[in-house]
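Me: I would like a close look at one part of this model, with the surroundings that go with it. Please give cut-offs as you use the terms.

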Amino acid sequence: MPQNYFITTPIYYVNDRPHIGHAYTSVACDVLARFMRLSGHRVHFLTGTDEHGQKVEKSAFQASVSPQALADANSQHFRDLTGLMNISNDDFIRTTEPRHIASAQALWKKMLDNGHIYLGSYSGWYSVRDEAYYQEAELVNGKAPTGADVEWVEEPSYFFRLSAFQDKLLDLYNTSAGFIGPSSRRNEILSFVKGGLHDLSISRTTFSWGIPVPNDTKHIMYVWLDALANYISALGYPDTQTPLYKDFWPASLHMVGKDIIRFHTVYWPAFLMAAELPLPERVFAHGWWTIEGEKMSKSLGNAIAPKALVDEFGLDQTRFFLMREVPFGSDGNFSRDRMIAVVNSELANNIGNLVQRTLSMINKNCEGVLPGEAARAKSNDSVAVDSDKLSAFIERCEFDKYISEVVRYSSEANEYIDKKAPWSLKKQGLVEEMGNVLYDLAESIRKIAIILQPIIPQSSSKILDQLAVAENKRSFQHLLPEFSLIPGTPLPPPQPVFPRFMEKAA
Ligand code: MSP
């Protein structure tokens with residue numbers, strides 16, 4: 001049954017330029033969005049930029065530009081990232097857009113009208129880097145538990161009655177077991193909420209870069225309330241009758257990094273409950289990347305720009321590595337040596353070699369026409385794709401396992417080519433047998449390329465072009481035998497898809 005699937009990335013802060021951590025979140029969402037489309041679902045895929053708050057204001061001040069100018073420049077860099085990484089988002093929202101501002105204010109009014117907001121005053125710790133409030137007891141050696149600096153804040157503030165939602169949130173985690181993934185994160189959030197929730201300060205008065213609070217413009221909204229609202233503002237809220245809102249809210253999945261799980265699984269559902277809106281189905285938190293064993297940071301200057309990787313290794317090589325290297329949900333380390341090893345062993349030597357050997361043999365020995373009349377007729381010897389297993393991996397965001405499974409298919413096909421040795425069949429004059437082996441291999445490649453599309457869309461389509469597979473015959477339903485390749489089809493001359501990466505001589 002086709003379903004509507006709404007997937008979101010976090011919206012990225014515009015205090016800085018994109019690095020591979022950001023590319024990672026976006027690529028993971030893109031894999032899911034593409035997988036769902038190929039499975040026949042209607043997908044809406046949202047990303048964008050988070051542009052207000054003290055952190056952005058402070059960075060702008062340090063750079064001697066206005067917050068708006070900094071936001072414009074860096075938002076564009078994140079928009080460029082979607083092109084660079086071949087992200088198939090349907091919308092890109094900026095929190096400085098009028099559509100968002102009006103929507104966030106409407107959400108505020110609704111929560112206020114429902115009695116969940118009151119005026120008070122805040123005195124306590126705040127971390128600008130994390131854009132988060134911390135309790136005294138949470139501090140570790142005078143710093144936030146994340147290691148960020150904190151400052152003492154005392155100001156009038158509106159509060160959200162978060163404490164009133166403790167039981168409802170616990171109910172949510174208990175009744176919708178899949179709401180938080182992976183399960184280790186669920187336990188972390190459960191114990192946080194069981195520990196007791198304090199009301200949340202949701203407005204600031206000591207700076208001005210934010211959305212004005214309706215009817216009290218001395219206050220601007222806390223940036224996290226503003227930011228979380230993007231997930232509904234982009235669908236047209238407060239108009240709940242727009243086609244986008246009707247078809248796509250509640251979200252199927254909010255993908256987030258582990259650092260922002262609390263905002264998405266505690267504050268966000270509580271805000272939505274307060275506004276009497278349906279809750280997202282799932283929030284999934286992935287881990288963090290370090291670089292050659294070190295934390296990525298501005299001060300260490302070791303952040304890797306996605307463009308540097310794409311320029312050096314290629315777009316699909318980068319996407320493949322990010323999804324392949326680390327079990328999704330765990331932390332991972334980026335190392336150049338591993339990048340080269342993965343690109344060479346799995347893409348060049350395994351999948352690339354299979355495609356190259358098969359297609360060039362067809363080109364040289366079959367006059368560029370797909371052989372194998374008999375092979376298509378019998379139940380063929382191409383790889384057996386386990387679609388249920390692949391879907392289950394995607395459902396659980398186990399992208400590395402999905403890729404291992406496909407790499408295993410490719411290894412099997414490579415073993416088949418070695419065992420059947422079509423080159424020696426030719427030498428023995430067994431031309432028809434050779435054609436049948438090459439057909440089975442071409443059919444294996446077709447299936448492998450179809451299922452690799454979510455991960456490496458450009459290269460997969462290059463492979464499918466070389467097999468002359470029509471553009472409208474590339475979705476998962478076309479894995480079925482009735483859509484197998486047709487012998488006699490002329491194939492274009494083969495071109496290498498995954499060159500081996502060679503270190504340039506120093
Ligand atoms: N603006 C907030 C999100 C608001 S969503 C309503 C924010 N932005 S961020 O730019 O700091 O981070 C965006 C995403 O990038 C987060 O999911 C974060 O986990 C991810 N990453 C940032 N650094 C990362 C790594 N080093 N490794 C992996 N992901 C990382 O938080």
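In which loop is Pro-250 found?

Reply: Pro-250 is in the loop between helix H9 (243–248) and strand S13; helices (H or I, at least four residues) and strands (E, at least two) are DSSP runs numbered from the N terminus. The model is predicted, so local features need pLDDT of at least 70 and side-chain atom pairs count only at pLDDT 80 or more, while totals for chains, interfaces and linings use all residues. Residues are numbered from 1 along each chain as its sequence is written, and side-chain values use heavy atoms, with hydrogens and water left out.

The peptide bond from Trp-249 to Pro-250 is cis, with omega near 5°. Most peptide bonds are trans, and most residues other than glycine have a negative phi. A further cis bond runs from Gly-181 to Pro-182, with omega near -10°; Pro-182 is located in the loop between strand S8 (180–181) and helix H6 (183–194). Asn-141, which is not a glycine, has a positive phi of about 50° and belongs to the loop between S6 and S7.

Strand S13 (253–257) is one of the elements that supply at least two residues each to the shell around the ligand, along with strand S2 (12–13), helix H1 (20–38), helix H7 (223–228) and helix H8 (230–233). The ligand has 24 residues around it, and Ile-11, Asp-50, Gly-257, Asp-259 and Trp-289 come nearest (a residue is near if one of its heavy atoms lies within 4 Å). By class the shell holds 13 nonpolar, 9 polar and 2 charged residues; Ala, Val, Leu, Ile, Met, Phe, Trp, Tyr, Cys and Pro count as nonpolar, Asp, Glu, Lys and Arg as charged, and the others, Gly among them, as polar.

A polar backbone atom of Gly-257 is 2.8 Å from an oxygen atom of the ligand. A side-chain N or O atom of Asp-259 is 2.6 Å from a ligand oxygen atom, and a side-chain N or O atom of Asp-50 is 2.7 Å from a ligand nitrogen atom. The protein buries 95% of the 660 Å² that the ligand exposes when taken alone (Shrake-Rupley areas, 1.4 Å probe; for residues, only the protein chains shown count as cover).

Elsewhere in the fold, 4 strands form an open antiparallel sheet in the order S6-S5-S7-S9, where pairing requires at least two DSSP bridges between two strands. Strand S6 (132–134) and strand S9 (200–201) are at the edges with a single partner strand each, so one side of each has no neighbour in the sheet. Helix H10 (residues 261–274) packs on this sheet and touches S6, S7 and S9, its direction making about 30° with that of S7. Contact means heavy atoms within 4.5 Å; axes are lines fitted to C-alpha atoms, for helices over the stretch in contact, and angles run from 0 to 180 degrees between N-to-C directions.

Strand S5 (residues 117–127) pairs with strand S7 (residues 151–160) over 10 antiparallel bridges. Tyr-118 stands opposite Phe-159 of S7, and Leu-119 has Tyr-158 as its bridge partner there. On S9, Phe-159 faces Ser-201, and 2 bridges join S7 to S9.

How values were computed. A polar contact is a pair of N or O atoms within 3.5 Å; within protein, one must be able to donate a hydrogen and the other to accept it, and residues adjacent in sequence count only if both atoms are side-chain atoms.
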